[in-house]
Amino acid sequence: MSQTPENKKGQVETTGHVWDGDLREYNNPLPRWWLWAFYGTIIFAVVYWILYPSWPYADTYTKGLETVSFTVQDKDGKTSTVTEHWNSRALFNKDMESSPSALAQKEWLAKVKDMSFAQIAANPDTLNFATSMGHALFGDSCAACHGSGGQGVLSQNPDGSYPNLTDNNWIHGDSYEKIVSDITNGIHGSMPAFGALYKGDKLTDLAEYVLSLSHQPGVNEEAANRGKSSFATCAGCHGANGMGNQMIGAPNLTDAVWDFVDVPGAKNIDAKVKLVEGVIDHGLQHQMPKFGERLSPEQIRLLAVYVRQLGGS
Amino acid sequence: MKHESIEINSALLIVLTLVVISIGGLVEIVPLFHIKGTVEKVEGVHPYTPLEQMGRDIYVAEGCYLCHSQMIRPFRDEMLRYGHYSLAAESQYDHPFQWGSKRTGPDLARVGGKYSNEWMTQHLIHPQSLVPESIMPSYPWLMQPLNYGDIADRMKALRDVGVPYSETQAEYDANVKKFGKTLADQFHIPNAIKSVKEEAASQNWDGNPKEITKMDALVSYLQVLGTMVDFSKYNQGYFSKFR
């Protein structure tokens, strides 16, 4: 308690405020370091005003002396260099063009640009690049429906099913070109509803026949035989022997792979018949969005390589 | 005025504190209304249709913004994941905007067209049935009927804050010029109920064609997000002029 007001009286100025009769407030000078830091911020602000966008006036603002240069490409593919005042969008353009990761990616994209799909797949290095980039693109664009590993979703509700991409069973074909066009343009998968045509026993017989194509255990052979003649309607898309048609995306019905309704998950043959009846009755409408506007052609090519190898093709 | 009189008068202190703080806000905000480049000149941005606007109100009411932002920032990683960075012009008819600041779920600024209507519907009813890893809650009540009787009032309220929904013939004609007849018809407040019905019937939004549900409205809103501007019309340098 050596520095009481009593023994410093006269040495340090007080603010003149007095509380409770004898409490006074010193008016000490600010610490030197603090004061200089404060002046420093003022100088910093002035330098900032000169270099970067800051003061608004009329319908514009001071743009600052700093500039950012980047390359732009117009619709005809002509490139030109643009120099813009310092701003986050210009910095972004520069980053997209010349950040280390952008450069690394560009280098690899250039490498695979003129290679055929077969060449990309044959070279372990380019295949590695295609699958790692394809995997990232798949996670962003495809995984929400087809699952993070491409396993799809198979549900008893046909509207809630999304095809498994990891089996080697291709509804729309497995050529690279077809996969690219499906990703670019999207797919509208549609099976008409046949509820008006087949009802009651006729519908059940047809469902039994469809299940007999893939040799489901417990199928009622008699009913299946009766239903065979009705299958003529289905043959237009699924083929006379139910082998399907990749051109129009009609699945093969003779294998045990089910893409749109979880027949294998049904408990017994009656439940399976019910599920198939439901599909024939209501038909199917499946929409895969088009990604041609969302992804670049190069990205879609790499994605096709990734997707195709998921199925083991 | 002596500083002491401010210190000992709390009402005066509050008023003067507010004045000082608002200077900071005004200096930052007011010039944006005068600076020409604040809202980019870009084609294609239009107000929401009545059904989309109903969906937007559900989006706000359900608090979607608490987990989902609608603001793609100009960074390379965001561009690669979500697409072109968001423009001020794209939220010019949003009152209030849904930029958000929290991404528990992904950004939704360009979710329109990324997933099918069936996916959107099923995902909102039960997200884990499609994305097992997801922590998003289920919204099964969105399949309830949509109460769109007050859509005209909602549009009038938005009109008051500057969204060009039309009430008079002159405003309608101006909208035809600006947005084309199809959209102008939908932006005409006397048509509002009819527009909701027509748009709900125009597509199979939620798999239930018999009824206009909240899901119809929300899915139609989600499917238009980020789709209004055709970015292939502009080169990368165009939008950096506006900052």
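**Close-up views of a predicted model**

**View 1. The two domains assigned in chain A.** The domain assignment of chain A in this predicted model gives domain 1, made of residues 111-186 + 289-310, and domain 2, made of residues 190-287. Between the C-alpha centres of domain 1 of chain A and domain 2 of chain A the distance is 28 Å. Where these domains meet, domain 1 of chain A contributes 14 residues and domain 2 of chain A contributes 15 residues. The side of domain 1 of chain A that touches domain 2 of chain A comprises six nonpolar, seven polar and one charged residues.

**View 2. The packing of helices α3 and α9 in chain B.** Helix α3 (residues 50-61) of chain B packs with helix α9 (residues 192-202) of chain B at an angle of about 85 degrees, and their axes are 7 Å apart. Because angles of 65 to 115 degrees count as roughly perpendicular, α3(B) is described as roughly perpendicular to α9(B). From α3(B), the residues Pro50(B), Leu51(B) and Met54(B) meet Ala192(B), Ser195(B), Val196(B), Glu199(B) and Ala200(B) of α9(B). Sorted by class, this contact of α3(B) with α9(B) has six nonpolar, one polar and one charged residues.

**View 3. The contact between chain A and chain B.** Chain A gives 32 residues to this contact, and chain B likewise gives 32 residues. On the side of chain A that touches chain B, the elements that give two or more residues are β4 (60-61), β5 (67-73), β6 (79-85), α3 (88-98), α7 (143-146) and β8 (284-288) of chain A. The largest share of that side, seven residues, comes from α3(A). By class, the residues on the side of chain A that touches chain B divide into 13 nonpolar, eleven polar and eight charged.

Technical notes: Residues numbered from 1 in each chain as written. Chains lettered and ligands numbered in written order. Predicted model: local features only at pLDDT ≥ 70, side-chain atom pairs only at ≥ 80, totals over all residues. Domains from an automatic or database assignment. Contact = placed C-beta atoms within 7 Å. Nonpolar A, V, L, I, M, F, W, Y, C, P; charged D, E, K, R; others polar. Axes fitted to C-alpha atoms, helices over the stretch in contact; angles between N-to-C directions. Helix = DSSP H or I, 4+ residues; strand = E, 2+ residues; numbered from the N terminus. Parallel < 35°, antiparallel > 145°, perpendicular 65-115°, else oblique.
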